[in-house]
Structure formats: C-alpha cells, structure tokens
Amino acid sequence: MTTSTRAAATEPAAPSAGRATQGAGRVNQKARTRAAIVRAVQDLARDGAEITMPSVARAALVSEATAYRYFPDLVSLLLESDLGVWPDPAEALAPVAASDDPVERVGYAAEVLFTGILARQSAVRAMIAASITRPDVAAHRPGHRFALIDHALAPLAGTEPEVLAQLKRDLAVVMSAEALFVLTDLCGLSPQDAVASAVRTARSLTAAAARRP
C-alpha cells in the first residue's frame, strides 16, 4: 500500500473521532451545568437565602428555562441537593452510641435534627412550601427524622410493638421542621428556645413510653 493509499484509508476516522470528542464534551458540559444548579441550591441554603427556581438559576448563572430542563420542578431539585448533606444516623448519634437510655438518645437525635434544619432552613421551607399541596410529592420528602428516631429508639427494640409504633408516630410529629417553625414563627420563640422546647417534648414522650409496662 502506497503512502497516499494509507492516508486515504485513515482519513474517514478523523471525523468520527471528532464527533466522539464533541459528544463527550457535551456530556461533560451537561454534568457541569447540573452540578452548578445543585451547588447553587446548597449555597443559597447555607446563606439562608430564598430558594426558588429563578433564584437558583441566577445563582447558577443559567437561565430559568435551563434549570427546568434539568429539573422538572423545585422538589426534584431540592431532593437532589439534599443527597449527602445529612450524616448517617449512626454517625450522627455516635456521641450517645454507648448509651442504652432511649430518653438521652432521643434528646440528642432531636438536637441533631433541629440543628440541621436550622442550618438549611431556607431549603427546608422551600421543600415544605413546594410539597404542601401535593401529597404525591410530599411522600417523597427526605425522611431524616424517621431514620434518626429509629436509631435512637434501638434500646426499646423489645417494647410491645404497638407502643413502640405509637411512640415513633408521636416523635415524628414533634421532631419535625413543621413543629420547629410553629415554635419560631407562631409562638415567637428564638431558634435556641424553640429547639430546647421541642427537645424537652421529645424526651418527655420517650420517657412516658419507656415507663409503660
């Protein structure tokens, strides 16, 4: 094969390689754009700023239409931005891991939960607002409270099942963003006092259930 023949044989490969490179570039750009949108939510939450699709788009330096191309609604965006933000329940409750006292464990779990809610308050409020009128979406809200409650109540594993189930339901009401916001927004408590009040209630519920025969 002559030199010119070999060159001709290799020429068609160049456009194919070029298209592959362009395709990889588009995929990488999409990944970067998606990451920028998610990071914008996390930054806004950390700063306590209002979180809406327009505000997220501005923070991510993309158009609102672009943000909606990646996330069909605010809830789906908030769910993705929440991934990896909260610690694993075992990690979160490590300071009370050696304790068999469910009251102490629940009290600590409640403090962890409320501290996390306050740190990401604008994102939590946005999630509640976006899902409050859509039960189908609300069912997919992050269940951090439930994981913490389950882990905290591990010492009560031998408790009568219905008693334990009722306690978990009671704690799910008290250990919640909604309960915390009632105390701050409607009762006028400072965040610190609101946390202390809700933690006391969670401890009291647990103590009462633990005393039951």
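View 1. Helices here are DSSP runs (H or I, at least four residues; strands are E, at least two), numbered from the N terminus, while buried means under 20% relative accessible area with a 1.4 Å probe, protein chains only. This is a predicted model, in which local features need pLDDT of at least 70 and side-chain atom pairs count only at pLDDT 80 or more, whereas totals for chains, interfaces and linings use all residues. Residues are numbered from 1 along each chain as its sequence is written, and side-chain values use heavy atoms, with hydrogens and water left out.

**View 2. Surroundings of Leu171.** Leaving aside neighbours within four places in sequence, Leu171 is in contact (heavy atoms within 4.5 Å) with Val106, Ile149, Leu153, Ala202, Leu205 and Thr206.

**View 3. The largest pocket.** The largest pocket has a volume of about 310 Å³, and its lining comprises 19 residues, of which Val124, Met127, Arg141, Pro142 and His144 lie nearest its centre. A pocket is an open set of points on a 1 Å grid over the protein atoms alone where a 1.4 Å probe fits, with protein on both sides within 12 Å along at least five of seven lines, and lining residues have an atom within 4 Å of a point; the volume is the space filled by probe spheres set on the points, which are joined across faces, edges and corners. Helix H5 (74-82), helix H7 (102-119), helix H8 (121-131) and helix H10 (144-152) each supply at least two lining residues, with the largest share, four residues, coming from H8.

**View 4. Helix H3 and the residue after it.** In helix H3 (residues 53-60), the buried residues are Met53, Ser55, Val56, Ala57 and Ala60. Leu61, which follows H3, has a positive phi, near 60°.

**View 5. The whole chain for orientation.** The protein chain has 13 helices and zero strands, and 37% of its 213 residues count as buried. Among contacts between residues at least 6 apart in sequence, 69% join residues at least 24 apart.

Key. Buried < 20%, exposed > 50% of the residue type's maximum accessible area, 1.4 Å probe, protein only.
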